[in-house]
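Hello,

Please look through the model first and then read on.

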Amino acid sequence: MKIPYSWLCDFAPFQSLESEEAESTPSPKLAQLLTDALNDLGLVVEGVEWIGAGLGQVVVAQVLEINDIAGADKVRRVIVQADEGKPLQIVCGAFNFQVGSKVPLAKIGAVLPGDFLISKRKMRGVESNGMLCSPIELGLGNDKSGLMILPDDLEVGSKISDALGIVPDVVFDLAIENNRPDANCVIGVARDLAAWFKIEFQEPEIPRLKTVSPESSQFLSGVAVLCPDECDRLLVARYQSVDPAPTREIVARRLHLAGMRTVSPIVDISNYLMIELGQPTHPYDADALAGGTISVRLARKGESLVTLDGANRVLGLPDVRGRESTDVVIVDGDDNLVGLAGIMGGEESEITSSTRNIILELAHFQPMAIARSSKRLGLRSEASARFERGVDPAIIEVAIARFSEMLGMQPVEIVEIATTSAVDKREIDLRISRVNEILGININANEISSKLIPIGFGVQSDADGILKISVPTNRPDVEREIDVIEEVARHVGYRTIEKVRPYSKLTGALKPAQRVRRLLGSLAVGLGFYETWCATLLAHGEQERFGDSGPFLEVENPLAQEESVLRRSLMPGLVRALRFNVNRKEDAARFFELGKVFSVFDGEITETERAAFLLALPDDDVKSAMAVFSKIKDYFSLEGLSLINRYEVETEKRGVFDSDVFRESWCGLHPTRSAFLVAKGAVVGQVGEIDRLALAESGIELERPVGYLELDFSRFLNAMAPPHFVKPISQFPSAEVDLAFEVPDPISAWDVERVLANEVGDNVVAVRLFDVFRGGLLQPGHRSLAYTVVMAAMDRTLSEADIGAIRAKCISAVETRFGAKLRS
């Protein structure tokens, strides 16, 4: 929100902070003082803009001659007349003017915005006695393409600030948080600042308006509120034979500085009051309203309204959560829609230059009703931004009085409809001891009162160190004792409150899943992976490239319409990251991601977490992906895992996979160079090489394979072995034997290793696979797996007989379990 300093001074004498005779424009010192105060009050200053600064020695000049300079093609010699004296020679690089043009001239000694000093200079051997200026150099616009061309009727030699009517000012650009609805207007900011500096604040008096009920009305008998839960206060005023004067210069200037354009005198007054008081008002052309009256009701399902922005809005529909509509509308005497309450008016009743009779609507709407309509319709306005946060219901009288004052006439009639609770003040008990306990300070009742009363709170002392706090109607955000304590803290000053490090006897700790996530990430980094964050939303057809046929979930209101489908796998995002790098000649990389995926089955949406690893170094392939998984398996002591060939699953669709593989998007890998990881009857993940065709369709042309591993994180956790004590290492020498088995291809090397390590006896301390061989004298469909079995005992050195017995048990266990045979 942009607020000019001059507007703040309408409500408090901030210029007196410098001196009693200070100028209307603050000095840099005062501007910094106000900036610091606003930041301390929680009204964060995002920028300070100086308007009309540095223009004291910038005058209107007329171009008399334009000549080329020998050897220069980017600058020219220009002769200008700036006053009654001798013409001046200027070297200029702009080309958008001609002889006779009037342009701004910064004289020698002028200091332009940005502390840019103008001095006499020589360019290309030609002396330049000043500078002709563009709008951006004067701080009067963003155009830097050429000189600022001035109107022909301006007097040569006059100061540009006088000629253009530029009044110096300072604009503070504030970031107003949602919990400060009172600061969404000039008066609210001025009140806070005046209280901070302990200077007098000019609080507007609430006038006593002469209002009538609809039943007693002569002109507005049809006014009604048919949805009191959504609109608890409504004032409607009628102005007749209106002939407004043109928008005053000060009003137009302040609206421009606040970031709003001027429209017409009546609309400008309405916008001015919204920024000044925080109360949106809506004027209607009374002659365009059936019956010359308005009412407030809820929209019916399917009703439509063309709003002022020209869009046709369909109203009365439920929101994305299925909740019933709370679209509040304004209707005329024939129940025709003429406005979307609290958000935007209708096109047909818009104020025009021919409007002579006005119906002015001032209301107090419930914040959530306006917020839900604004969000569902995707329509946000300055009015809705204020109603969503909460508007002061007691400021309506001030707003209507100010509107009448600025319009220069009084309404012929004002109708009021209000509930008794609309302007009731909330009462809160404030314990002085609690204030001191929370803030860590020592403050008494008088000091608390001195902080709260200037910002509109009522304070009454009570027994036992309790204060009765009356919350002003402009602070709907203050609901509890802690909210009042926050107000005390703001005006005491957060910088003056000593910082205290929180202390607790309880110490925090990571949950098991959190700890595993961190360990998994650290292990991945150690294996040469870069962590990535990929988008959760993908484009239509992006997942189908990887063989995923859905069903897919699509969001109704995506940030980008081309990315609206929730991902079912992490693979598309990682492939995107690889493509981004390949396109920039960085095709050797490893990426990993921990993220959520989404699936739907029988109408039930499931959100699960996965970990994925993409391997694209020059030597990476399915073996590299397997090696990474082996590291993960050993590091986290995974148990009960089996490898099952993808081709076998997808052709036979056997067993448990019907409910997992095809529903959960375990796809995208090469059909014969990949496998599923299975434990306890469920798919834990997949490992292999990404299908070359899928990579090509994704825009990646590589001559080498890309390895890939993806794991279901929750099933990964379930596969981890329970905590156990580490066995001590034997102090006696170990023995090693090598065993080579002829094993059917479907049998996993891990299964054989697990049997050797866990089912033979405690004397087997390690098993390592060191060779895989196919062909030769082996049977078709079989391969040779060769293991080194390490044996040791804790109490002795194993004898030849002991080693032979253990060797025999190993052979028997593998042959019995897998139908394998020992190779001679």
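The buried residues of helix H2 are covered by several elements, including helix H1 (5-8), strand E2 (44-51), strand E12 (169-175), helix H5 (186-197) and helix H13 (481-492). Please keep in mind that this is a predicted model.

H2 itself runs over residues 28-40, which makes 13 residues. From its first C-alpha to its last it reaches 18 Å, close to the 18 Å expected at 1.5 Å a residue. Which residues of H2 are buried? They are Leu-30, Ala-31, Leu-34, Thr-35, Ala-37, Leu-38 and Asp-40. An α-helix has 3.6 residues a turn, so residues three or four places apart point the same way. Just after H2 comes Gly-42, whose phi is positive, at about 90°.

**Aromatic rings**

The count of aromatic pairs is 10. In one of them, Phe-365 and Phe-387, the ring centres are 5.2 Å apart and the planes stand at 75°; an angle over 60 degrees counts as edge-to-face, so this pair is edge-to-face. Phe-365 belongs to strand E22 (residues 358-365) and Phe-387 to helix H9 (residues 382-389), so the pair ties together parts that are 22 residues apart in sequence. Both Phe-365 and Phe-387 are buried.

Tyr-635 and Phe-636 also make an edge-to-face pair, with 4.9 Å from centre to centre and 75° between the planes. Are these two residues buried or exposed? Tyr-635 is partly exposed, at a relative accessible area of 46%, whereas Phe-636 is buried, at 6%. Together with Phe-713 and Phe-716, Tyr-635 and Phe-636 form one aromatic cluster.

**Charges over rings**

- Arg-610 places its charged end over the ring of Trp-666, 3.8 Å from the ring centre.
- Lys-633 places its charged end over the ring of Trp-750, 5.6 Å from the ring centre.

**Cysteines**

How many disulfides does the structure hold? The number is zero. Cys-92 is in no disulfide, and the nearest cysteine sulfur, that of Cys-133, is 9.2 Å away. A disulfide needs the two sulfur atoms within 2.5 Å. Cys-92 is buried, with a relative accessible area of 5%. For Cys-227, also in no disulfide, the nearest cysteine sulfur is that of Cys-231, 6.1 Å away. Cys-227 counts as buried too, at 4% relative accessibility.

Regards

Technical notes
Residues numbered from 1 in each chain as written. Predicted model: local features only at pLDDT ≥ 70, side-chain atom pairs only at ≥ 80, totals over all residues. Heavy atoms only, no water. Phe/Tyr/Trp six-rings, centres within 6.5 Å; stacked < 30°, edge-to-face > 60°. Helix = DSSP H or I, 4+ residues; strand = E, 2+ residues; numbered from the N terminus. Buried < 20%, exposed > 50% of the residue type's maximum accessible area, 1.4 Å probe, protein only. Lys NZ or Arg CZ within 6 Å of the ring centre and 35° of its normal. Expected span 1.5 Å × (residues − 1). Contact = heavy atoms within 4.5 Å.
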